[in-house]
Amino acid sequence: MQDRPDAAELAQAVREFIETEVLPGIDDPRLRFRTLVAANGLGILEREIALGAPLVRREVGSLARLLGHADPLPDDPGELRRRAVDLNRELAQRIRAGDTPEGALAHLVATVADKLRIASPRYLERYR
Amino acid sequence: MSVGAPPLSASTLSVELRDRLVPIFGADIAIEQLALLAGGASKEAWALDLRTPQGTRQLLVRRAGGGVIHQGTLTLEDEHRLLEVAAAAGVRVPMPCGYLGEIVGRPAFVSERVSGETIGRRIVQRPELADARAVLPAQMAEELAKIHAIPAERVPFLGGVGAHDVLGRLTNEVDHLEDAHPAIELGLAWARGRAPERNETVVLHGDLRVGNLAVTATGLGHVLDWEFGHRGDPAEDVAWPLVRAWRFGVDQLRLGGIGDVEPYLERYNALTGRHITLASLDYWEIVGNLKWAIGALTQSRRHLSGQQRSVELAVLGRLAAEMEFELLHLLERAA
C-alpha cells in the first residue's frame with residue numbers, strides 16, 4: 001500500500017499547482033489554453049478515481065439487462081472493464097445490424113450522462 | 001501543438017520561405033516578422049510581415065502540421081485553389097496570394113492576413129460585438145448562398161456528395177476506432193433510415209460556423225478555414241453552425257449562440273431560391289453532431305497512436321461524450 005497522498009490527492013495537488021502557480025505566469029495564449037486543458041485533464045482523472053468504479057458497474061449491469069445476459073457481474077475491476085468493452089461491442093453490432101434492443105436509447109442516455117459526470121459535469125448541468 | 005515534432009523555429013523557416021515568396025512578390029522583399037499563431041490541430045498558421053516596394057504586407061502562411069492529413073481534408077494546394085475560386089465568386093475570404101509548394105518538407109500557401117475576432121466564446125459573449133451578432137445570421141446566410149453558387153467544375157478536386165456518402169464516410173471512420181460506440185451507432189442507424197434522396201449537389205464550405213469566421217464590430221469580416229470543402233447537400237452546410245458545440249455555451253440561441261434559426265434560413269432561401277425546411281436542418285443537425293463526435297474520437301486517436309502527441313487531442317477523446325449526449329437528446333426529441 002502506498003503512503004498518502006493517494007492517487008486522487010496527487011492528481012489534485014498537480015492540478016492546483018498548475019492553476020495557482022503556473023497559469024498566472026503564462027502570457028502566450030496557445031500555451032495558456034493547453035495548460036487549462038491539462039488542468040482539466042487532471043480534473044477528469046480526479047473524478048474518475050472517485051466515481052469511476054461504481055459507474056462502470058452500473059453500465060455493465062444496464063448493458064446485461066438490455067442484452068438479456070443473466071450471468072453475474074464480475075467483482076474484479078479489470079474483468080468488469082473487459083465485460084463493459086465486450087457488451088458495448090455486442091450492443092453496437094446489434095444496432096448496426098438493425099436489431100436495436102428495446103430500451104437502447106434510455107440506456108444510452110443514462111450511460112453517456114454517467115460518462116459526463118466524470119468527463120464534463122458542468123456540460124451535463126446545461127441540460128437541466 | 002505536437003510534442004513529437006515541435007514546430008520549426010521562425011528562423012529555420014524564413015530562409016526557404018523567402019525564396020518561395022520571390023516569384024509572387026518580386027526579389028525586393030524582406031521578412032520583417034514571422035511568428036507562429038494559435039492554429040488548428042492539423043495546420044500551422046504563421047503571421048508574416050513582408051516588406052515590399054509597395055509597403056509592408058500583412059500575410060498569413062498556412063503550412064501542413066505534423067500529422068497525416070485525414071480523410072476528407074483538402075491538401076494545402078487544393079485549399080488554396082478553393083480560396084481563389086471562392087474569392088472570384090465574391091465570397092469574403094482572406095485573399096489568397098499563392099501556393100508555395102513544400103517549405104522545409106511540408107506544403108504551404110500564403111494569403112492576406114485579416115483582422116477580427118475568431119474565438120467562438122468571445123464572439124458569442126463580448127458586449128462590444130453585440131452589433132455584430134445582430135447582423136451575423138443574415139451575413140452567414142449570404143456567404144453560404146455565394147459559396148453554394150460556385151460552379152463545381154471550377155473545383156473538380158472536391159469529393160463528397162449526398163447524405164449516404166457522408167454517412168458512409170462516418171461509418172468508415174467509426175470502424176477505424178478500435179472500440180465500440182453504441183450511442184454513435186444509434187445515431188448512424190437513425191440517420192441512414194432517414195437519409196434524403198440525393199437531389200441537388202453544390203460546393204460546400206464544410207466548416208462554416210462561429211469560430212471559423214473573422215468577426216469585427218460591424219459583423220462578418222471573412223470566412224476562414226476551407227480545408228473541409230467538399231460537394232454535397234446544401235442543407236448540410238446550412239445546418240452545421242446549429243450544432244450545440246458551436247454555440248459556445250449560449251445554448252438557447254440555436255444558430256451558433258448568436259441568433260434564431262428562422263430568419264437565417266429565410267434569408268438563405270430568399271437568396272438562393274431553395275426551399276430548405278426546418279425539418280431538413282433538424283436532420284442535418286443530428287448528422288453534424290455525429291460528425292463532430294466521431295471527429296473528436298478520431299482526433300484523440302492521433303494522440304494515442306503517437307502520430308501527434310498532444311494533451312489537447314487526448315482530452316478531446318473524453319469530450320466526445322458531450323456530442324454523444326447532445327446526439328441522444330436530439331434523437332429523443334425526434335422520436
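**Ground rules.** I worked on a predicted model, in which local features need pLDDT of at least 70 and side-chain atom pairs count only at pLDDT 80 or more, while totals for chains, interfaces and linings use all residues. Residues are numbered from 1 along each chain as its sequence is written, and chains are lettered from A and ligands numbered from 1 in the order in which they are written.

**Chain A.** I looked up the secondary structure and found 5 helices and 0 strands in chain A, where helices (H or I, at least four residues) and strands (E, at least two) are DSSP runs numbered from the N terminus. The radius of gyration of chain A is 19 Å, whereas a compact globule of 128 residues would have one near 14 Å; the radius is taken over C-alpha atoms, and the globule rule is 2.2 Å times the number of residues to the power 0.38. I also noted that the C-alpha trace of chain A spans about 55 × 40 × 25 Å along its principal axes.

**Where chain A meets chain B.** I found 29 residues of chain A in contact with 24 residues of chain B, contact being that the C-beta atoms of two residues, placed from the backbone, lie within 7 Å. On the chain A side, helix 2 (29-67), helix 3 (77-96) and helix 4 (104-119) each supply at least two residues, and helix 4 of chain A gives the most, with 9 residues. By class, this side of chain A has 18 nonpolar, 5 polar and 6 charged residues, with Ala, Val, Leu, Ile, Met, Phe, Trp, Tyr, Cys and Pro counted as nonpolar, Asp, Glu, Lys and Arg as charged, and the others, Gly among them, as polar.

**The sheet of chain B.** I traced an open sheet of 5 strands in chain B, with the order 1-2-3-5-4 and antiparallel pairing; two strands pair if DSSP finds at least two bridges between them. Strand 1 (30-36) and strand 4 (96-103) of chain B stand at the edges with a single partner strand each, so one side of each has no neighbour in the sheet. Strand 2 (residues 43-52) and strand 3 (residues 55-64) of chain B pair over 10 bridges, and B:Trp46 has B:Val61 in strand 3 as its bridge partner. Strand 3 of chain B is joined to strand 5 of chain B by 5 bridges, and strand 4 of chain B to strand 5 of chain B by 6 bridges. In the hairpin of strand 4 and strand 5 of chain B, with 2 residues between the strands, I noted that B:Val104 takes a positive phi near 45 degrees.

**Helix 9 of chain B and its neighbours.** The axes of helix 9 (residues 278-304) and helix 10 (residues 311-334) of chain B come within 8 Å and cross at roughly 160 degrees, axes being lines fitted to C-alpha atoms, for helices over the stretch in contact, and angles running from 0 to 180 degrees between N-to-C directions. Helix 9 and helix 10 of chain B are therefore roughly antiparallel to each other (angles under 35 degrees count as roughly parallel, over 145 as roughly antiparallel, 65 to 115 as roughly perpendicular and the rest as oblique). The residues of this contact of helix 9 with helix 10 of chain B divide into 16 nonpolar, 5 polar and 5 charged. I then looked at helix 6 (residues 182-193) of chain B, whose axis comes within 10 Å of that of helix 9 of chain B, crossing at roughly 145 degrees.
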